[in-house]
Amino acid sequence: MSGDFGSVIGPVAPEIILCVLGLLLLVAGMFLPAHRKATIIFWTCLVGLGTALCSCVMVLAAIALSPEPLQMPNWLGATLRVDEFALVLKILINLATILTILISPEYIQHRLTAGRSEYFPLVVFAALGMTLLVSATDLITIYVAMELTSLVSYVLVGYMKRDPKSTEAGMKYFLVGAASSAIMLYGMSLTYGMTGATDLASIRRAIAELGSPEPMVLVGLILMVAGFGFKLAAAPFHMWAPEAYEGGPTPIVALISVGPKMAGIAVLLHVLEIGFPEIRDHWSALIAAIAAISMVLGNLTAIPQKNIKRMLAYSSIGQIGYILIGVASLPQSMNDWRTSGIIVYLLVYAFMNIGAFAVVTAVSNAGLSDDIEDYRGLAQSSPLLAVALLVFLASLAGLPPTAGLWGKALIFGAAIYSGFTWLAVVGVACSVVSVFYYFNVVRVMFFLKATTPHTFRNTHLLTAGIIIAITGTLFIGVYPEPFIAMARVGQDIVAAR
Amino acid sequence: MQQVLRNEWLLTAIVFLPLLGAIVTLALPKGRPAVVKMWATVIAFVTLVLCVYMYAAFAKGSAEMQFATSRPWIPSIGVSYHLGVDGLSMPLVALTGLLTFVSILYSWIINERPKEYFAFFLLLETGMMGTFCALDFVLFYVFWEISLVPMYFLIGIWGGPRREYAAIKFFLYTLVGSVAMLLAILALYFSYTGPNGKHTFDVITLITAKPLAGRAAMLAFWAFYLSFAIKMPAFPFHTWLPDAHVEAPTAGSIILAGVLLKMGTYGLVRFNLPLFPQQSQECAWILAAVGVIAIIYGSLVAMAQSDLKKLVAYSSVGHMGFVMIGIAAAAAPLVDVPGVSRELLLNAKVTALNGATLQMVNHGLITGALFLLVGVLYERAHHRNIDGFGGLMVKVPVYAAILIYVSLASLGLPGLCGFVGEFLALLGTFAIFKLAAGLSVIGIVVTAAYFLWMLQRVLLGPLNERYKDLMEINALEKWAVAPLLILIFILGVYPAPVLDPVNAAMDHLVRNLMLF
């Protein structure tokens, strides 16, 4: 074992911080006095997540500035890959978790009768699972991290015990999720059987030695991709999403609509690029097909939805389709559009999708339902919320001057560069369709008059969350340069394998 | 040659002053609509003054990009903030400044949610100005889309009974075209690698390089065409236009017809012709056919309308057809005709394109005035049914005189500006596409017919008793329409102020097109 303690602790500091934070909050919940508990746990959680975020930034800076590649002991280095790509995604995951925490307190106060103090540590454990996942390069680690994320998500989605919809959503999410884990595990065992290894680098070497691709290797990969597809809510593995989104607590839905997608995309890229680059043609076509099905199905089924959370569920199935175009595309040697497209898209997606759910949270805190019909005249009764939702929806649709444009433009550019022009055409066609249902909400908010006046009195925290999300969406929209440049760091994912 | 002025900040000010005005508008106190209206008017007026300065300082004989400014914006993917105007875009920028000012002046009658209304209107101006000034494809795309959303809201909130349908139809139609254009832009981007090994979105660089060839170029040509044809709107993509026009508030219609339609024809001249000269030559006959169909079909459909606003809307389809045949004539391959020198044919092409560009400006002035006049009548009568009026001339002689004046300008009476553009476009086209020019004349006759028939039904005959108390056009409306009336006359007898800069740019463009 390496004597240098720092080289072991340093790279995994974010995970350690999150793990300690989660345990601390769990224990603190039992001992703190009831009347102060909520405040203390909330702020500890926020500060802890902030620390984790800072540690990610520091590790990223250390790696980017140091001339030599990161040295990690073998037992750690073979299972976790702490590179710039993973760290950027860890920053995004922590950011998404912080936004989720910001929009939570009032909602859980309204909706939860018990278990309020366990809510925050569970969210932290979800974040821990996702941060581990983006670094995992060993099938076992991938599986464990994924199960950690998933188990916490099942519990959180079904957290409103008195609400039958929430319970049903949690149950359905759990059953489908468990089945998908089994499928993924079967794929992993096939891969292990064919290659004799669980870490991705060895798998790659074994496949290269096999020469022509074995059908069983392909079957294993397809099953694993199917498993990841469930976590990403990519069609045709999306069946759980609409129910889970509709029934789950809105802030949690905001988190699971964004976080697992980041982690899932990172895992997918790691597995495909590090483990299976020899059969790129096969998986590229497979991912392209999943992308196309997701975009078409998600965007078309979103149109008739009457419930905004359901509509956003289908929209997020469409959104993951766009991101998967990036996964299917070829990396470029210089000025890579693909990796920067994926990262920028995920960053933008975190702001706009959590932002949209934050507005949904605010509206439901005011006693209105999640039916789109209840958003009538929101522009008059709460201009801030209406304008915020307009910005987020415009961004989801990819309209300038919001950030959504750049995510889409980079991804479609990568597709055209890679010869996937048909995917880009499907993509832009779907964005046009998406305007129809996104702007249906805008129509209801701005064109119609409210039937009954409502007062919106939201806490500063929720407002802060919304304003951070708007600022992010508009700032990246107007000046995306630093983010695109930053996202380039991930392009060595192929070169350095 | 005149000194080409290099005032780097002028265009930035023209583009972003309205945006600044829009943001401040939202911060103004809620219960004081007069403050909001005054503020918006002042901003629009200052922008107009800047446009007038730009016109005065513009070196009219030069084909170069003037007032150009270029800064890196997103250098990591080769996007720059590059603005500039030449003889093609300068008149359109000035037209936008004028029509926005006129529209905002007329919009003083708006009392429902005035803050949002004027904020959207100023945002719209930023989008339109940026579209005409942008010399970077991404910047162009951004402004092109920005002009879309405010118009969606203007139609959807302040429009007529079917406003929601019209608003989303307008939005989706235009969006289909623009995303196709986005793909073509990306294809262009990756097909060209600069000397430093980097790709670029710069319009001038890409026009000079013309990187696409073969089937890809043909696809990109049609993708750009789709985007611009929908915006124009050219047959068969014109079906959003009557809905949008009829439902839009008056000021929205003025901008829609006066400026937004020009974005389509501007795009064809700015991008399709110089980027794809080969493909333009091959497809010129299709463009000519589309233009002729628009002229004849648009005029005939206009004739059949009973709604005054729809009539004006369909007259736009016809008038934009003249722009289209002018562009088609300029794009057509240079075929040697015995007894005619190449130089003569080249000049004919320049004439056709001059006519087309002049027609864009003229149509903006005339149709802007027409929609304003229709709005004036609608405010008083609350309907627009042509047959529901009659004999109004007795009650409102001043309004009637103005309506007759503008209608005559629209049907192409010599001495008013509508004639000049159509005449030049036809003159140039006749040398290239004789049949198309000949058929287009049918459209002119029909246009004259439906305008005169409309005037007859609305203004002449026995007075409809319901309107015996009809109010005359008021001072605000007179002031709003007056600048348009004056320019319609001036450009009708002396078009040189617009024609000179246009000619310089078009001459340059056509010669490059034929010598590529």
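**Architecture and packing of a predicted two-chain model**

Of the 516 residues of chain B, 61% are buried, a term that requires 20 or more other C-beta atoms within 10 Å of a residue's own, with 12 or fewer making it exposed, values in between making it partly exposed, and C-beta atoms placed from the backbone. The model is predicted, so local features need pLDDT of at least 70 and side-chain atom pairs count only at pLDDT 80 or more, whereas totals for chains, interfaces and linings use all residues. Residues are numbered from 1 along each chain as its sequence is written, and chains are lettered from A and ligands numbered from 1 in the order in which they are written.

Chain B contains 20 helices and two strands. Helices (H or I, at least four residues) and strands (E, at least two) are DSSP runs numbered from the N terminus. The radius of gyration of chain B is 22 Å, close to the 24 Å from the globule rule for 516 residues, so chain B is as compact as a globular protein of that length. This radius is taken over C-alpha atoms, and the rule is 2.2 Å times the number of residues to the power 0.38. Along the principal axes, the C-alpha atoms of chain B fill a box of roughly 75 × 60 × 45 Å. Of the contacts in chain B with a separation of 6 or more, 81% involve residues 24 or more positions apart. A contact here means that two C-beta atoms, placed from the backbone, lie within 7 Å.

Chain A has 24 helices and zero strands. Its radius of gyration is 22 Å, close to the 23 Å that the globule rule gives for 497 residues, so chain A is as compact as a globular protein of that length. The C-alpha box of chain A is roughly 70 × 55 × 40 Å along the principal axes. Buried residues account for 60% of the 497 residues in chain A. Helix 14 of chain A (residues 259-275) has 17 residues, which should span 24 Å at 1.5 Å a residue; its end C-alpha atoms are 23 Å apart, in agreement. The expected span is 1.5 Å times one less than the number of residues. In helix 14 of chain A, 16 of the 17 residues are buried, so this helix is largely enclosed by the rest of the structure.

The two chains touch. At the interface, 23 residues of chain B are in contact with 24 residues of chain A. On the chain B side, helix 5 (137-146), helix 6 (148-158) and helix 7 (163-191) each supply at least two residues. Helix 7 of chain B gives the largest share, 12 residues. By class, the chain B side has 19 nonpolar, two polar and two charged residues. Nonpolar covers Ala, Val, Leu, Ile, Met, Phe, Trp, Tyr, Cys and Pro; charged covers Asp, Glu, Lys and Arg; the others, Gly among them, are polar. The 29 residues of helix 7 of chain B should span 42 Å at 1.5 Å a residue, and its end C-alpha atoms are 42 Å apart, which agrees. Of these 29 residues, 22 are buried, so helix 7 of chain B is largely enclosed by the rest of the structure.

Helix 17 of chain B (residues 417-432) packs against two partners. Its axis comes within 6 Å of that of helix 18 of chain B (residues 434-459), and the two cross at roughly 145°. Axes are lines fitted to C-alpha atoms, for helices over the stretch in contact, and angles run from 0 to 180 degrees between N-to-C directions. Helix 17 contributes B:Leu426, B:Thr429 and B:Phe430, and helix 18 contributes B:Lys434, B:Ala436, B:Ala437 and B:Ser440. Helix 13 of chain B (residues 308-331) packs with helix 17 of chain B at about 35°, with axes 9 Å apart. The residues of this contact divide into five nonpolar, four polar and one charged.

Local backbone features were also identified in chain B. The peptide bond from B:Met232 to B:Pro233 is cis, with omega near -5°. Another cis bond joins B:Phe235 and B:Pro236, with omega about 0°. B:Pro236 lies in the loop between helix 9 and helix 10 of chain B. B:Phe67 has a positive phi, near 55°. B:Phe67 is in strand 1 (residues 66-74) of chain B and is buried, with 24 other C-beta atoms within 10 Å. B:His382 also has a positive phi, about 60°, but is exposed, with 7 C-beta neighbours inside 10 Å.
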